[in-house]
Amino acid sequence: MPLLPPPGPARRLALMALAVCVLAVAAAVVAFAQGSFFGIVWILLAGISSNMAWFYVRRAKLQRAQQAG
């Protein structure tokens, strides 16, 4: 069973949220490496975007299960 939902709006939103999460984690690492506590904001953004990615993946799976019967 594939991890990502089939092509469509839910998959696109899940992939975008995952990309935002990865970029936010990278920005947090850079911010903390430079000694800035602004990285905390990036960590919070990464948490929100990862939750959004899981939400869209689960929503697509539930919709697919409902359509299957």
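This is a predicted model: local features need pLDDT of at least 70, side-chain atom pairs count only at pLDDT 80 or more; totals for chains, interfaces and linings use all residues.
Residues are numbered from 1 along each chain as its sequence is written, and side-chain values use heavy atoms, with hydrogens and water left out. Local features need pLDDT of at least 70 and side-chain atom pairs count only at pLDDT 80 or more, while totals for chains, interfaces and linings use all residues.

## Overall form

The protein has 2 helices and 0 strands; helices (H or I, at least four residues) and strands (E, at least two) are DSSP runs, numbered from the N terminus. Its radius of gyration is 15 Å, well over the 11 Å that the globule rule gives for 69 residues, so the protein is more spread out than a compact globule. That radius is taken over C-alpha atoms, and the globule rule is 2.2 Å times the number of residues to the power 0.38. Along the principal axes, the C-alpha atoms fill a box of roughly 55 × 20 × 15 Å.

Of the 69 residues, 22% count as buried. Buried means under 20% relative accessible area, exposed over 50%, and partly exposed in between (1.4 Å probe, protein chains only). The accessible surface comes to about 5,100 Å², and 73% of it belongs to carbon and sulfur atoms; these areas come from the Shrake-Rupley method with a 1.4 Å probe, and for residues only the protein chains shown count as cover. Among contacts (heavy atoms within 4.5 Å) with a separation of 6 or more, 57% join residues 24 or more positions apart.

## The two helices

Helix α1 covers residues 9-33 and helix α2 covers residues 39-68. The table gives their spans; the expected span is 1.5 Å times one less than the number of residues.

| Helix | Residues in helix | First to last C-alpha | Expected span |
|---|---|---|---|
| α1 | 25 residues | 36 Å | 36 Å |
| α2 | 30 residues | 44 Å | 44 Å |

In α1 the buried residues are Ala10, Ala14, Ala17, Cys21, Ala24, Ala28 and Ala31, and their cover includes α2. In α2, Gly39, Ala46, Ser49, Ala53, Tyr56, Val57 and Ala60 are buried, and α1 is part of what covers them.

## Glycine 39

Glycine 39 lies in helix α2 and counts as buried because its relative accessibility is 0%. Leaving aside residues up to four places away in sequence, glycine 39 touches Ala28, Ala31 and Phe32. The C-alpha atoms of glycine 39 and alanine 24 are separated by 8.8 Å, with the two residues 15 residues apart along the chain.

## Aromatic pairs

Rings of Phe, Tyr and Trp (its six-membered ring) pair if their centres lie within 6.5 Å; planes under 30 degrees apart count as stacked, over 60 as edge-to-face and the rest as tilted. The count comes to 2 aromatic pairs. Phenylalanine 38 and tryptophan 42 have ring centres 6.2 Å apart and planes at 90°, so this pair is edge-to-face. Phenylalanine 38 is partly exposed, with a relative accessible area of 48%, and tryptophan 42 is partly exposed at 29% relative accessibility.

The rings of phenylalanine 55 and tyrosine 56 have centres 5.3 Å apart and planes at 65°, so this pair is also edge-to-face. Here phenylalanine 55 is partly exposed at 46% relative accessibility, whereas tyrosine 56 is buried, with a relative accessible area of 17%.
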